[in-house]
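Subject: Handover of a structure for your study

Dear colleague,

Please find below the structure that I am handing over to you. After it, I set out what was found.

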Amino acid sequence: MRAVIVAVGVAFLISLFCTPIAIKVFTRLKAGQPIRAEGPAMHQGKKGTPTMGGVVFILATVIAYVAGHLALTTLPDQQIAQVEPTITALVLLGLMVFSGAVGFLDDFLKVRKRNSAGLNKRGKLLGQILVGAVFGVVALYFPSTMTDAAGKVTNTETVGSTTLSFIRDIPALDVTKIGAVIIFIFVVMAATNGVNLTDGLDGLATGASVMVLAAYALIAFWQYRHWCADPNYKQAYCYTVRDPLEIALIAGAAAGACVGFLWWNTSPARIFMGDTGALGLGGLIAGMAMSTRTILLLPIIGGLFVIITMSVVIQIISFRTTGKRVFRMSPLQHHFELAGWSEVNIVVRFWIIAGIGVAIALGLFYSEFLANMT
């Protein structure tokens, strides 16, 4: 727990105090956010607000991970912990950094061209597929070699699993390694686009991501306390995952970094996360679902992202098949803007929806544990 707390605190402070520096740097570089002409008219006042703010909380998360590992070196010997960096960290931080890099390229092109087009859809899609495929392969093909004091291997798990999972792996739903990589690519694409579509109002995606990441930190730490690879855990019912403390540390660090960023990103936003931040967070959230073996629980934990994504899908299908729009504008948050709701009102209510999804998911996770312990 000490390492997780250190990571959260370091990430929060770095993000809180470095974001104003980023605001000044991006303003000086004229890296302002272009606003779509077809978007809500009230958004034109946001034109020129610095973007690419996701760089700050991505870097804060990576630095906080290192700080958390320094704290791990002070743990008592009898506590099982991953003192050395692991493949799990490589996968999770790699997903965040390289998904963010795809978004950074998109943001850079928007700023350079001075329009909202950025990277074309095919280029962004290929980038997401490549990132998902590379880290999916690493997650499925590199097992752990954790050993105990006697040199005996105690954990041979991979970061991901060949079976679909809800609260844990479902053995009957084995999809093979290749199938698991394909599914993970889809999850990466869904999560990155879901967060990206949600990032339309000041603080909306940031606040929702804080809740989702905090939920994964709790899930992963609970798995660590009831871990099958822990020789000190004597109960028969445990979680078969790899490096749960690493997962909790990274999820906590990312949540803390987002809270620090939210101080400057909330309405009226002084800086936007841009596609850099949205795709980075989406990639990390996808990795969290895979590494905690809760792939099918992700649509509930990230319920707000699913709702907003579905509003876009429904709008496109309706318009192409009937020529009519279901919503005044999609994504869904813009529908309510055009209906006369204030931006702050929409953000707070959507945060409530995100919180409900997280609460339901955590309730399902814990109730499954209780049901199997009784």
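A residue is called buried when its relative accessible area is under 20%, exposed when it is over 50%, and partly exposed in between. By this rule Cys 238, at 16% relative accessibility, counts as buried. Please bear in mind throughout that this is a predicted model.

Confidence and overall form

The protein chain has an average pLDDT of 90, and 90% of its residues score at least 70. Confidence is lowest in strand S1 (residues 146-147), where the mean is 56, and highest in helix H9 (residues 298-301), where it reaches 98.

The chain contains 12 helices and 4 strands. Its C-alpha trace spans about 65 × 45 × 35 Å along the principal axes. A compact globule with 374 residues would have a radius of gyration near 21 Å, and the protein chain agrees with this at 21 Å. Of the 374 residues, 55% are buried.

Cysteines

A disulfide is a covalent bond between the sulfur atoms of two cysteines. A search of the whole structure finds 1 disulfide. Cys 228 and Cys 238 form it, with their sulfur atoms 1.9 Å apart. Both cysteines are in the loop between helix H6 (204-225) and helix H7 (244-265), 10 residues apart. The torsion about the S-S bond is about 100 degrees, and the disulfide is therefore right-handed. Cys 238 is buried, whereas Cys 228 is partly exposed at 36% relative accessibility.

Cys 18 is partly exposed, at 33% relative accessibility, while Cys 258 is buried, with a relative accessible area of 0%.

Helix H12

Helix H12 covers residues 343-373 and includes Ile 356. Ile 356 is partly exposed, with a relative accessible area of 46%. A nonpolar patch on the surface includes Ile 356 together with Phe 166, Leu 296, Val 344, Val 348, Ile 352, Ile 360 and Leu 364. Together these residues have about 640 Å² of accessible area.

Val 358 is also found in H12, but Val 358 is buried, with a relative accessible area of 8%. The C-alpha atoms of Val 358 and Ala 215 are separated by 6.6 Å, although the two residues are 143 residues apart along the chain.

Backbone details

Most residues other than glycine have a negative phi, and most peptide bonds are trans. The following cases depart from that pattern.

- The peptide bond from Ser 267 to Pro 268 is cis, with omega near -10 degrees. Pro 268 is in the loop between H7 and helix H8 (274-291).
- Ser 330 and Pro 331 are joined by a cis peptide bond, with omega about 5 degrees. Pro 331 is in the loop between helix H10 (303-322) and helix H11 (332-338).
- Met 52 has a positive phi, near 65 degrees. Met 52 is in the loop between helix H1 (2-28) and helix H2 (54-72), and is buried, with a relative accessible area of 4%.
- Arg 293 has a positive phi, near 60 degrees. Arg 293 is in the loop between H8 and H9, and is buried, with a relative accessible area of 2%.

Yours sincerely

Definitions and conventions. Residues are numbered from 1 along each chain as its sequence is written. This is a predicted model: local features need pLDDT of at least 70, side-chain atom pairs count only at pLDDT 80 or more; totals for chains, interfaces and linings use all residues. Side-chain values use heavy atoms; hydrogens and water are left out. pLDDT is the predictor's confidence in each residue, from 0 to 100. Helices (H or I, at least four residues) and strands (E, at least two) are DSSP runs, numbered from the N terminus. Patches are made of residues with over 30% relative accessible area and no salt bridge: like charges are joined within 9 Å, nonpolar side chains (Val, Leu, Ile, Met, Phe, Trp, Tyr) within 5 Å. Accessible areas come from the Shrake-Rupley method with a 1.4 Å probe; for residues, only the protein chains shown count as cover. A salt bridge is a side-chain nitrogen of Lys or Arg within 4 Å of a carboxyl oxygen of Asp or Glu. Buried means under 20% relative accessible area, exposed over 50%, partly exposed in between (1.4 Å probe, protein chains only). A disulfide is a pair of cysteine sulfur atoms within 2.5 Å. The radius of gyration is taken over C-alpha atoms; the globule rule is 2.2 Å times the number of residues to the power 0.38.
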